[in-house]
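Work through the exercises below with the sequence and the model in view. Try each task before reading its solution.

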Amino acid sequence: MFDAARAALLAGGEPVNSEAIKTHSGLIAAFSLQVIKPGLIQAQYGRSLRQVDQIRLIADYSDEGVDRERGWSAIDQANHFIEAVSSYVGGLPLRPR
């Protein structure tokens with residue numbers, strides 16, 4: 001999801017602070033500001049990105065662990081997120097490099 005969010009930001013044409021999107025929190029903030037807030041992708045996908053990031057934090061840094069249901073939910077959210085971002089990026093005009 002994070003690579004898809006990064007792709008959406010870079011494809012969107014707005015200037016992107018490359019330092020800000022090197023961290024998960026910076027990427028989520030930039031995605032919310034530049035893609036979700038203007039309505040380029042539905043707000044539910046911004047919420048999904050934040051929810052899956054919370055699951056990532058639990059999995060990476062907590063003794064709590066992630067149960068199967070939560071894991072499957074994250075996979076489902078990721079699939080929908082990637083479809084939405086692919087649709088958005090695919091609808092953008094090609095820009096010369």
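The model is predicted: local features need pLDDT of at least 70, side-chain atom pairs count only at pLDDT 80 or more, and totals for chains, interfaces and linings use all residues. Residues are numbered from 1 along each chain as its sequence is written, and side-chain values use heavy atoms, with hydrogens and water left out.

**Exercise 1.** Find which residues have the most contacts inside the largest nonpolar core.

Solution. A nonpolar core is a set of buried Ala, Val, Leu, Ile, Met, Phe, Trp, Tyr and Cys residues joined through side-chain atoms within 4.5 Å. Buried means under 20% relative accessible area (1.4 Å probe, protein chains only). The largest core holds 24 residues, and Leu 9, Phe 31, Ile 41, Leu 49, Phe 81 and Val 85 have the most contacts inside it. At least two of its residues come from each of α1 (2-11), α2 (24-36), α3 (43-61) and α4 (68-90); helices are DSSP runs (H or I, at least four residues), numbered from the N terminus.

**Exercise 2.** State which residues of α3 are buried, and what covers them.

Solution. Tyr 45, Gly 46, Ser 48, Leu 49, Val 52, Asp 53, Ile 55, Arg 56 and Ile 58 are buried in α3. Their cover includes α1, α2 and α4.

**Exercise 3.** Describe the one aromatic pair found in the whole structure.

Solution. Phe rings pair if their centres lie within 6.5 Å; planes under 30 degrees apart count as stacked, over 60 as edge-to-face and the rest as tilted. Phe 31 and Phe 81 form a tilted pair, 5.4 Å centre to centre with 45° between the planes. Phe 31 lies in helix α2 and Phe 81 in helix α4, so the pair ties together parts 50 residues apart in sequence. Phe 31 is buried, at a relative accessible area of 0%, and Phe 81 is buried, also at 0%.

Terms used. Buried < 20%, exposed > 50% of the residue type's maximum accessible area, 1.4 Å probe, protein only. Contact = heavy atoms within 4.5 Å. Phe/Tyr/Trp six-rings, centres within 6.5 Å; stacked < 30°, edge-to-face > 60°.
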